[in-house]
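Subject: Structure handover

Hello,

Please find the structure below, for your files. My notes on what was found in it follow.

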Amino acid sequence: MNQLYFSLTFIFLVVFMNFHVHAAEDPDLISTACKKAVANYQGEVKYEFCVASLEMNPKSKTYDSYGLGVVSYKHTLKKGNSIKSHVDKLLKDGNQSPYVMEHLAGCSRDYANVSEVIYEKRNYIALSGVTSCQERFDSVFTSPLTKEENELRQLVFISFTLTDMTIP
């Protein structure tokens, strides 16, 4: 009987802790996180984009800052890999001018290890190479990746903000 009681108590505690860890500590956590991201990265993060990106996951409103951070990093990785695939597709299609193709090849090299850079390095310098394809083009021509890179940059900064919020 004691062993059964101990087992049931242990199971209850594990289940309770599991739900507690992922329960939202602040019902306005998404708003709070986005306001911090906007303040920390002035001009780089748009509040509406931040809220929309975090709310893409239907369960995000129930997560704590750690859970939201995981959601944000996964979304960031997905976006980075999507851009890499888009660059590779543009290069494979070959429908761009030689000027654009040359610069896209450089962007492809920049995005070659995008997952590693985002996942392993909380390093602005390393990330700047991954999020700056536009800089390969002169001011006369706009990179076909400008919109996607802007979104990726915002996602990176949102992830950084959530990481900072989880560190005591």
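Glu-151 is buried, at a relative accessible area of 16%; buried means under 20% relative accessible area, exposed means over 50%, and partly exposed is in between (1.4 Å probe, protein chains only). The model is a predicted one, in which local features need pLDDT of at least 70 and side-chain atom pairs count only at pLDDT 80 or more, while totals for chains, interfaces and linings use all residues. Residues are numbered from 1 along each chain as its sequence is written, and side-chain values use heavy atoms, with hydrogens and water left out.

Glu-151 sits in helix α8, residues 146-166. Helices here are DSSP runs of H or I with at least four residues, strands are runs of E with at least two, and both are numbered from the N terminus. Apart from neighbours within four places in sequence, Glu-151 is in contact with Phe-49 and Lys-79, contact being heavy atoms within 4.5 Å. Glu-151 also belongs to a network of salt bridges that links it with Lys-79 and Lys-147. For a salt bridge, a side-chain nitrogen of Lys or Arg must be within 4 Å of a carboxyl oxygen of Asp or Glu.

**Salt bridges**

How many salt bridges does this rule give? The count is six.

One of them pairs Arg-153 with Glu-44, with the closest N and O atoms 4.0 Å apart. Arg-153 lies in helix α8 and Glu-44 in the loop between α2 (29-40) and α3 (47-55), so the pair ties together parts that are 109 residues apart in sequence. Arg-153 is partly exposed at 23% relative accessible area, and Glu-44 is partly exposed at 31%.

Another joins Glu-55 to Lys-61, where the closest N and O atoms are 3.9 Å apart. Glu-55 counts as partly exposed at 36% relative accessibility, whereas Lys-61 counts as exposed at 56%.

Lys-84 and Asp-88 form a salt bridge as well, at 2.9 Å from N to O. Both residues lie in helix α4 (residues 65-93), four residues apart, which is about one turn of the helix. Asp-88 is partly exposed, with 31% relative accessibility.

**Largest pocket**

The largest pocket holds about 160 Å³ of space. On a 1 Å grid over the protein atoms alone, a pocket is an open set of points with protein on both sides within 12 Å along at least five of seven lines, and lining residues have an atom within 4 Å of a point. Its volume is the space filled by probe spheres set on the points, which are joined across faces, edges and corners.

Which residues line the largest pocket? They are Ser-53, Met-56, Asn-57, Val-71, Lys-74, His-75 and Lys-78. Helix α4 gives the largest share of this lining, four residues. By type, the lining has two nonpolar, three polar and two charged residues.

**Whole chain**

The protein chain has eight helices and zero strands. Of its 168 residues, 36% count as buried. Among contacts between residues at least 6 apart in sequence, 66% join residues at least 24 apart. The chain exposes about 10400 Å², and carbon and sulfur atoms supply 59% of that area; the areas come from the Shrake-Rupley method with a 1.4 Å probe.

Regards

Terms used
1 Å grid on protein atoms, 1.4 Å probe; cavity = no way out; pocket = protein on both sides within 12 Å on 5 of 7 lines; lining within 4 Å. Nonpolar A, V, L, I, M, F, W, Y, C, P; charged D, E, K, R; others polar.
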